[in-house]
Amino acid sequence: MLKVESIHWKSSQPITEDYVHDYGKVSALFDYNPWTGSSWAERADWLDNGRAFAADRNRIADVLSVFNRRLNNAPEALDAIETLRSNDALCIVGGQQAGLFTGQALVIYKAVTIIRAAREASQRLGRPVIPVFWIAGEDHDFDEVNHMYSLSQDLQVNKIKIDHPSGKRSSVSRLEIAAEQWEEALRQLDSSLIPTEFKDGWMDAVRAIVASSSTLVDVFGQLLAKLFGSYGLVLLDSDDPALRRAEAPMFRSILENNAPLGEAYRQGKEQVRALGYEAQVEMNERGANLFIFDQDERVLLYAAEGKDGCFTDRKAERSYSLGQLLDWTETSPERFSNNVLTRPLMQDYVLPVLGTVLGPGEIAYWALTKQAFHQAGMKMPIVVPRMEFTLLEGIVQKNMQKYGLTLEDVLYRLEEKQQQWLREQDQLKLEERFEQVRTQFKSSYGPLVELIAGVNGGLGKLGETNMNKIIEQIDFLEHKAADAVKSQHEASLRQYQRIALSVLPLGKPQERVYNIIAYLNKYGSDWLRELIEGELELDGLHKVCYL
């Protein structure tokens, strides 16, 4: 039985911190209170009776069926897609970019949250609620997704990386990775994993997935299908051309109402600021909040200055008339792509979204969108904070107990605790003795320098310089002595280092750095199954799992 402890780890996003722990402060920025049971029935009722502008369910189900079969998703997920055809079915949706071999562990925890939230909502409402993972394949920032990190046996944070195949600002789902690059990434992944009873199985599975894939999205999707397909997790690629065709009416609406939508986003930004928060998305006054694919590059659109009904790229080197863009929504909808502010609207158009699972940063920028939802004739879905986890391995727990460290010590004052421990090991009291020597030297030498300064001012300056050099030498010797003490306790300091690198690698929460495969390789997948099936609350608190 996996032991899990809930703690309050303050969010770096003030809006998110208040959303979870003091909702009244931010309630004006959202349509539904996630902590009130009645919100779920209210949202479901609006989806049943108030949602007027939406994609055709059967068409979306057809798109999802083709994509999920291509990913070899489980029968349970394919059945969930068929259930989605029914007007009674709702969705819990969350998404992420397609990181290398699933990227950061937080991606896995988002999938866990989506599945748990859908199951709980289904039980609460007595109707089917489908878990959907929205893969942000349309994003073009390759450097955000082309790598993964793991902790090596010699306590190094290792990075496995795939280079950009073309250099073009195209969507990740359209970038094919060469077989040689995949082979090198697999070789590095293999060498990063310690030998265990689970290693061969995982490496064989990943190799088979890579052999049948060419893009990061395909590998990402197949890995999620392997991990979560049996729980009915449906996968969606936001850059799927078939999906784009189903989204065409929404793209048309965004273009036709671009000015009022832009004003709605600006109002949202001002509302956030009026409540004392900083807006998490930079907005350009002319930003159209849509991308267009032009010569395989993803280009952000701006309203042209002084030209109504005309759009350009950022440098005004390319120009597009509104008529031309509207025509493309009919003839070439795959040329369009959402940005961070219009994606929430598109998600609500495509699916009957009961709730959306968001990380801390996402909650902060969704806080800008309420007015835009209303402008588009929609209401914001219930925002469900993604579950956050830290995995504490047995060796880390043992080392923490050895040095009397609490989890709070590790999170907030580990360096201070380490220095305190080192001082306690110093039986010679070197720090105290060196300070005594410095004090005695200054008290003896200082008056002498003052004396000779009375004889000759130049001698006084020389004496001060001489005194400072001697103090520097005393300091130098003290540092050398401290290093010698540290070398006597090298094993203990490495144990402190292991604690730090396990819990806060690169100064960040573990889930924001390490990939999940190393943990699956060490401990199998039973612990992950317990995160999905165990008695955990969606309460916004950070979960510490004792492996």
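## Helix H6 and its surroundings

The buried residues of helix H6 are covered by elements that include strand E4 (147-151), strand E5 (157-161), helix H7 (199-211), helix H8 (216-228) and helix H21 (517-523). This is a description of a predicted model. H6 itself takes in residues 179-192, 14 residues in total, and its first and last C-alpha atoms lie 20 Å apart, close to the 20 Å expected at 1.5 Å a residue.

The buried residues in H6 are Trp182, Ala185, Leu186, Leu189 and Ser192. They cover an arc of only 125° around the axis, which puts them on the same side of H6. Glu180, Glu183 and Ser191 are exposed, and they sit on the face of H6 turned away from its buried side.

## The chain as a whole

The chain has 547 residues, of which 54% count as buried. It contains 22 helices and 15 strands. Along its principal axes, the C-alpha trace spans about 95 × 65 × 50 Å.

Among the contacts in the chain with a separation of 6 or more, 76% are between residues 24 or more positions apart.

Another open sheet has 3 strands in the order E1-E15-E14, with mixed pairing. Its edges are strand E1 (3-7) and strand E14 (388-392); each has a single partner strand, so one side of each is left without a neighbour in the sheet. On average, neighbouring strands of this sheet are turned by 25° against each other, direction ignored.

E14 and strand E15 (residues 542-546) run parallel and are joined by 5 bridges. In this pairing, Phe389 stands opposite Lys543 in E15.

## Helix H17

Helix H17 (residues 414-425) has 12 residues, which should span 16 Å at 1.5 Å a residue; its end C-alpha atoms are 17 Å apart, which agrees. Leu414, Gln418, Trp421 and Leu422 are buried in H17. They cover an arc of only 100° around the axis, which puts them on the same side of H17.

## Ser443 in helix H18

Ser443 belongs to helix H18 (residues 430-455). Its relative accessibility is 48%, so Ser443 counts as partly exposed. A polar atom of the Ser443 side chain lies 2.8 Å from the backbone oxygen of Gln440.

The C-alpha atom of Ser443 is separated by 75 Å from that of Leu235, and the two residues are 208 residues apart along the chain.

## Two residues with positive phi

Leu155 lies in the loop between E4 and E5. Its phi is positive, at about 60°, although Leu155 is not a glycine. With a relative accessible area of 3%, Leu155 is buried.

Ala316 is located in the loop between strand E9 (310-312) and strand E10 (319-321). Ala316 is not a glycine, yet it has a positive phi of about 60°. Its relative accessible area is 55%, so Ala316 is exposed.

How values were computed:
Residues are numbered from 1 along each chain as its sequence is written. This is a predicted model: local features need pLDDT of at least 70, side-chain atom pairs count only at pLDDT 80 or more; totals for chains, interfaces and linings use all residues. Side-chain values use heavy atoms; hydrogens and water are left out. Helices (H or I, at least four residues) and strands (E, at least two) are DSSP runs, numbered from the N terminus. The expected span of a helix is 1.5 Å times one less than its number of residues. Buried means under 20% relative accessible area, exposed over 50%, partly exposed in between (1.4 Å probe, protein chains only). The arc is that of the directions from the helix axis to the C-beta atoms. Contact means heavy atoms within 4.5 Å. A polar contact is a pair of N or O atoms within 3.5 Å; within protein, one must be able to donate a hydrogen and the other to accept it, and residues adjacent in sequence count only if both atoms are side-chain atoms. Two strands pair if DSSP finds at least two bridges between them. Axes are lines fitted to C-alpha atoms, for helices over the stretch in contact, and angles run from 0 to 180 degrees between N-to-C directions.
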